[in-house]
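Have a look at the sequence and the fold below before reading on. We'll walk through the structure a few side chains at a time.

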Amino acid sequence: MTYETAVKQVGSRSALETKVDDGKLFKIGRGIYATTKHPDPLVVAHITYPNAVITMDSALYFYSLTDAPPDEVHIATERDATRISRSGYRQYFTEKNLLEPGAVEVAGNQGYIRIYNKERLLVEVMRRQASLPLDYYKEIIESYRHITEELDIRLVEDYMALFKRQNAMFDILQREVL
(Lines give C-alpha, C1' and ligand atoms only; values in the text may rest on other atoms or scores of the structure.)
Protein backbone atom coordinates (compact mmCIF):
# COMPACT_ATOMS: atom_id res chain seq x y z
CA MET A 1 0.00 0.00 0.00
CA THR A 2 1.09 3.57 -0.50
CA TYR A 3 2.14 5.82 2.36
CA GLU A 4 -1.14 7.74 2.14
CA THR A 5 -3.19 4.53 2.29
CA ALA A 6 -1.14 3.25 5.22
CA VAL A 7 -1.60 6.48 7.19
CA LYS A 8 -5.34 6.47 6.45
CA GLN A 9 -5.61 2.82 7.53
CA VAL A 10 -3.82 3.23 10.89
CA GLY A 11 -5.01 6.76 11.64
CA SER A 12 -1.86 8.90 11.81
CA ARG A 13 1.82 9.16 10.90
CA SER A 14 2.91 8.33 14.42
CA ALA A 15 0.64 5.27 14.49
CA LEU A 16 2.21 4.17 11.21
CA GLU A 17 5.70 4.51 12.67
CA THR A 18 4.59 2.52 15.73
CA LYS A 19 3.13 -0.27 13.57
CA VAL A 20 6.39 -0.45 11.59
CA ASP A 21 8.47 -0.49 14.80
CA ASP A 22 6.26 -3.23 16.25
CA GLY A 23 6.59 -5.35 13.10
CA LYS A 24 2.87 -5.19 12.28
CA LEU A 25 3.58 -3.28 9.06
CA PHE A 26 6.70 -3.37 6.93
CA LYS A 27 8.27 -0.53 5.00
CA ILE A 28 9.14 -2.11 1.65
CA GLY A 29 10.53 0.96 -0.04
CA ARG A 30 10.09 4.69 -0.21
CA GLY A 31 6.38 5.32 0.27
CA ILE A 32 5.46 1.60 0.11
CA TYR A 33 4.18 -0.45 3.03
CA ALA A 34 2.94 -4.03 3.37
CA THR A 35 1.41 -6.30 5.97
CA THR A 36 3.98 -9.02 5.20
CA LYS A 37 7.74 -8.86 5.17
CA HIS A 38 7.94 -10.32 1.65
CA PRO A 39 4.99 -8.96 -0.36
CA ASP A 40 4.05 -10.06 -3.86
CA PRO A 41 6.54 -8.30 -6.18
CA LEU A 42 3.83 -7.76 -8.81
CA VAL A 43 1.67 -5.87 -6.32
CA VAL A 44 4.69 -3.80 -5.25
CA ALA A 45 5.39 -3.05 -8.93
CA HIS A 46 1.81 -1.90 -9.43
CA ILE A 47 1.98 0.40 -6.41
CA THR A 48 5.41 1.73 -7.34
CA TYR A 49 4.64 2.19 -11.05
CA PRO A 50 0.84 2.55 -11.32
CA ASN A 51 0.95 3.44 -15.03
CA ALA A 52 3.05 0.40 -15.98
CA VAL A 53 1.68 -2.97 -17.12
CA ILE A 54 3.05 -6.37 -16.04
CA THR A 55 4.22 -8.19 -19.17
CA MET A 56 6.37 -10.98 -20.61
CA ASP A 57 8.08 -13.36 -18.13
CA SER A 58 6.22 -12.01 -15.08
CA ALA A 59 2.81 -12.20 -16.76
CA LEU A 60 3.57 -15.61 -18.29
CA TYR A 61 4.45 -16.96 -14.85
CA PHE A 62 1.39 -15.31 -13.27
CA TYR A 63 -0.88 -17.05 -15.80
CA SER A 64 1.02 -20.38 -15.35
CA LEU A 65 2.05 -20.38 -19.01
CA THR A 66 5.60 -21.15 -17.86
CA ASP A 67 6.97 -22.79 -14.75
CA ALA A 68 10.12 -20.65 -14.76
CA PRO A 69 9.83 -17.88 -12.17
CA PRO A 70 11.33 -14.64 -13.48
CA ASP A 71 14.40 -13.10 -11.84
CA GLU A 72 12.97 -9.62 -12.39
CA VAL A 73 9.53 -8.05 -12.63
CA HIS A 74 8.88 -7.35 -16.32
CA ILE A 75 6.86 -4.19 -16.92
CA ALA A 76 5.85 -2.20 -19.97
CA THR A 77 5.85 1.60 -19.78
CA GLU A 78 5.29 4.42 -22.21
CA ARG A 79 8.25 5.19 -24.43
CA ASP A 80 8.75 8.60 -22.82
CA ALA A 81 8.54 7.26 -19.23
CA THR A 82 11.50 7.68 -16.92
CA ARG A 83 13.98 4.83 -17.10
CA ILE A 84 13.62 2.54 -14.08
CA SER A 85 16.97 2.26 -12.35
CA ARG A 86 15.70 0.23 -9.37
CA SER A 87 17.11 -3.29 -9.40
CA GLY A 88 14.71 -6.18 -9.86
CA TYR A 89 12.84 -4.65 -12.81
CA ARG A 90 13.05 -5.13 -16.55
CA GLN A 91 11.43 -2.32 -18.46
CA TYR A 92 9.95 -2.52 -21.95
CA PHE A 93 9.30 0.84 -23.59
CA THR A 94 6.11 0.93 -25.65
CA GLU A 95 4.42 3.55 -27.79
CA LYS A 96 1.74 5.36 -25.80
CA ASN A 97 -1.12 4.13 -28.01
CA LEU A 98 0.09 0.51 -27.70
CA LEU A 99 0.44 0.37 -23.90
CA GLU A 100 -3.22 0.23 -22.90
CA PRO A 101 -4.82 -2.33 -25.26
CA GLY A 102 -5.11 -5.58 -23.32
CA ALA A 103 -4.15 -4.10 -19.93
CA VAL A 104 -6.47 -5.36 -17.19
CA GLU A 105 -6.50 -5.01 -13.42
CA VAL A 106 -6.75 -8.35 -11.63
CA ALA A 107 -6.43 -9.58 -8.06
CA GLY A 108 -2.95 -10.88 -7.31
CA ASN A 109 -1.85 -12.82 -4.23
CA GLN A 110 -1.81 -9.77 -1.96
CA GLY A 111 -3.57 -7.02 -3.88
CA TYR A 112 -4.36 -5.78 -7.34
CA ILE A 113 -2.00 -5.73 -10.29
CA ARG A 114 -2.19 -4.25 -13.78
CA ILE A 115 -1.27 -6.93 -16.30
CA TYR A 116 -1.79 -7.80 -19.95
CA ASN A 117 -4.54 -10.31 -20.62
CA LYS A 118 -3.56 -13.66 -22.15
CA GLU A 119 -4.47 -12.55 -25.68
CA ARG A 120 -2.28 -9.46 -25.60
CA LEU A 121 0.47 -11.43 -23.92
CA LEU A 122 0.45 -13.91 -26.81
CA VAL A 123 0.97 -10.99 -29.19
CA GLU A 124 3.89 -9.78 -27.05
CA VAL A 125 5.45 -13.26 -27.17
CA MET A 126 5.09 -13.40 -30.96
CA ARG A 127 6.57 -9.89 -31.28
CA ARG A 128 9.61 -10.85 -29.21
CA GLN A 129 10.01 -14.38 -30.56
CA ALA A 130 13.52 -13.77 -31.93
CA SER A 131 14.84 -12.52 -28.58
CA LEU A 132 13.50 -15.43 -26.51
CA PRO A 133 15.49 -18.63 -25.92
CA LEU A 134 14.12 -21.31 -28.23
CA ASP A 135 13.23 -23.80 -25.47
CA TYR A 136 11.45 -21.11 -23.48
CA TYR A 137 9.52 -19.94 -26.55
CA LYS A 138 8.46 -23.53 -27.34
CA GLU A 139 7.28 -24.03 -23.75
CA ILE A 140 5.14 -20.89 -23.93
CA ILE A 141 3.64 -21.75 -27.31
CA GLU A 142 2.86 -25.27 -26.07
CA SER A 143 1.09 -23.75 -23.05
CA TYR A 144 -0.94 -21.52 -25.36
CA ARG A 145 -1.89 -24.54 -27.48
CA HIS A 146 -3.44 -26.10 -24.37
CA ILE A 147 -5.64 -23.06 -23.74
CA THR A 148 -6.70 -22.11 -27.28
CA GLU A 149 -10.33 -22.84 -26.37
CA GLU A 150 -10.12 -20.18 -23.62
CA LEU A 151 -8.63 -17.52 -25.91
CA ASP A 152 -10.60 -14.94 -27.84
CA ILE A 153 -8.83 -15.30 -31.20
CA ARG A 154 -10.64 -12.25 -32.61
CA LEU A 155 -9.15 -10.21 -29.78
CA VAL A 156 -5.67 -11.60 -30.56
CA GLU A 157 -6.15 -10.55 -34.19
CA ASP A 158 -7.30 -7.07 -33.09
CA TYR A 159 -4.15 -6.68 -31.00
CA MET A 160 -1.96 -7.95 -33.85
CA ALA A 161 -3.51 -5.34 -36.17
CA LEU A 162 -2.02 -2.60 -33.97
CA PHE A 163 1.53 -3.59 -34.95
CA LYS A 164 3.54 -3.33 -38.14
CA ARG A 165 4.47 -7.03 -38.27
CA GLN A 166 0.86 -8.21 -38.14
CA ASN A 167 1.24 -10.52 -41.16
CA ALA A 168 4.25 -12.29 -39.64
CA MET A 169 2.40 -12.64 -36.33
CA PHE A 170 -0.67 -13.99 -38.11
CA ASP A 171 1.55 -16.66 -39.72
CA ILE A 172 2.98 -17.58 -36.34
CA LEU A 173 -0.51 -17.76 -34.84
CA GLN A 174 -1.74 -20.05 -37.61
CA ARG A 175 1.37 -22.23 -37.85
CA GLU A 176 2.39 -22.59 -34.20
CA VAL A 177 -0.52 -21.88 -31.89
CA LEU A 178 -3.79 -22.92 -33.54
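Are Glu124 and Arg128 buried or exposed? Keep in mind that this is a predicted model, and then look for the two side chains. Glu124 is buried, and Arg128 is buried as well.

Let's stay with Glu124 for a moment. Glu124 and Arg127 sit 3 residues apart in helix H6 (residues 118-127), so about one helical turn separates them. Arg127 has a relative accessibility of 28%, so this residue counts as partly exposed.

Turn next to another helix. Arg154 and Glu157 both belong to helix H8 (residues 153-160), again 3 residues apart, or about one turn of the helix. Their side chains meet in a salt bridge at 4.0 Å, N to O. How open is this spot? Arg154 has a relative accessible area of 63%, so it counts as exposed, while Glu157, at 27%, is partly exposed. Back around Glu124, salt bridges with shared partners tie Arg120, Glu124, Arg127 and Arg128 together as one network. Altogether, the structure holds 9 salt bridges.

Arg120 lies over the face of Tyr116, 4.3 Å from the ring centre. Arg120 also turns up among the contacts of Thr94, which touches Ala76, Thr77, Glu78, Arg79 and Leu99 too, if you skip residues up to four places away in sequence. Thr94 itself is found in strand S5 (residues 89-94). With a relative accessibility of 5%, Thr94 is under 20% and therefore counts as buried.

Tyr89 has a relative accessible area of 14%, so it is buried. Phe62 and Tyr63 form an aromatic pair as well, edge-to-face, at 5.4 Å centre to centre with 75° between the planes. Phe62 is partly exposed at 27% relative accessibility, whereas Tyr63 counts as buried at 17%.

Finally, let's go to the nonpolar side chains. The largest nonpolar core has 41 residues, and the members that touch the most others are Ile54, Leu60, Ile75, Leu122, Val123, Met126 and Tyr144. Pick out Leu60 and see what surrounds it. Beyond its neighbours within four places in sequence, Leu60 is in contact with Leu65, Thr66, Leu121, Val125, Tyr136, Ile140 and Tyr144. There is also a second, separate core of 5 residues, including Ala6, Leu16, Leu25 and Tyr33.

How values were computed:
Residues are numbered from 1 along each chain as its sequence is written. This is a predicted model: local features need pLDDT of at least 70, side-chain atom pairs count only at pLDDT 80 or more; totals for chains, interfaces and linings use all residues. Side-chain values use heavy atoms; hydrogens and water are left out. A nonpolar core is a set of buried Ala, Val, Leu, Ile, Met, Phe, Trp, Tyr and Cys residues joined through side-chain atoms within 4.5 Å. Buried means under 20% relative accessible area, exposed over 50%, partly exposed in between (1.4 Å probe, protein chains only). Contact means heavy atoms within 4.5 Å. Helices (H or I, at least four residues) and strands (E, at least two) are DSSP runs, numbered from the N terminus. Rings of Phe, Tyr and Trp (its six-membered ring) pair if their centres lie within 6.5 Å; planes under 30 degrees apart count as stacked, over 60 as edge-to-face and the rest as tilted. A charge sits over a ring if NZ of Lys or CZ of Arg is within 6 Å of the ring centre and within 35 degrees of the ring normal.
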